[in-house]
Amino acid sequence: MNHGCNKTFNFGSIFYVLDHKAGLNESDYDYLMLSEEEVDPNNNPNQEDGTDYLFNPLLDRHLEHSFEGSIEDITKGKELFSNYVHYYSAESWRYGIEELRSQCRHETIGTVVQIERVER
């Protein structure tokens, strides 16, 4: 699954979708829908109080691990795109956001494309 630049992703937080289907105009999960251009590379919204996510036995041992799914109707043959913005840890946040921005602006290419070009 590739990154959907500039909010072209069709796969993401199901909590965001459920909140909006319930008629909530604002959701606690709106930050998960921010694109690479909208987030601040100096401020990771995934961190609370300056720390990364901590292990939670209730969530990590008893509930499903994936809270992502389709956020729009996906027709047969349509490619899935995810939002890579929130895949970066505190240590790699700035680098990751700058890399996504660069790739989405077509200034650089991603690792997979680099490897594919070498293998040809």
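1. The side chains of asparagine 2 and glutamate 79 are joined by a polar contact of 2.9 Å. A polar contact is a pair of N or O atoms within 3.5 Å; within protein, one must be able to donate a hydrogen and the other to accept it, and residues adjacent in sequence count only if both atoms are side-chain atoms. Asparagine 2 belongs to strand S1 (residues 2-3). Helices (H or I, at least four residues) and strands (E, at least two) are DSSP runs, numbered from the N terminus.

2. This is a predicted model, in which local features need pLDDT of at least 70 and side-chain atom pairs count only at pLDDT 80 or more, while totals for chains, interfaces and linings use all residues. Residues are numbered from 1 along each chain as its sequence is written, and side-chain values use heavy atoms, with hydrogens and water left out. The mean pLDDT (the predictor's confidence in each residue, from 0 to 100) is 82 for the protein, and 83% of its residues reach 70 or more. Among the elements, the lowest mean pLDDT, 55, falls to helix H2 (residues 57-62), and the highest, 95, to helix H3 (residues 93-104).

3. The protein contains four helices and four strands, arranged along the sequence as β-β-α-α-β-β-α-α. Of its 120 residues, 24% are buried. Buried means under 20% relative accessible area, exposed over 50%, and partly exposed in between (1.4 Å probe, protein chains only).

4. Asparagine 2 counts as partly exposed because its relative accessibility is 43%. The C-alpha atoms of asparagine 2 and phenylalanine 81 lie 5.1 Å apart in space, although these residues are 79 apart in sequence. Setting aside neighbours within four places in sequence, asparagine 2 is in contact (heavy atoms within 4.5 Å) with Glu79, Leu80, Phe81, Ser82 and Tyr84.

5. Serine 82 lies in strand S4. Serine 82 is classed as buried because its relative accessible area is 1%. Its side chain makes a polar contact of 2.6 Å with that of tyrosine 87. Beyond neighbours within four places in sequence, the contacts of serine 82 include Met1, Asn2, His3, Phe9, Phe11 and Glu68.

6. Isoleucine 74 is placed in the loop between strand S3 (68-70) and strand S4 (81-82). With a relative accessibility of 30%, isoleucine 74 is therefore partly exposed.

7. For the protein as a whole, 75% of contacts between residues at least 6 apart in sequence join residues at least 24 apart.
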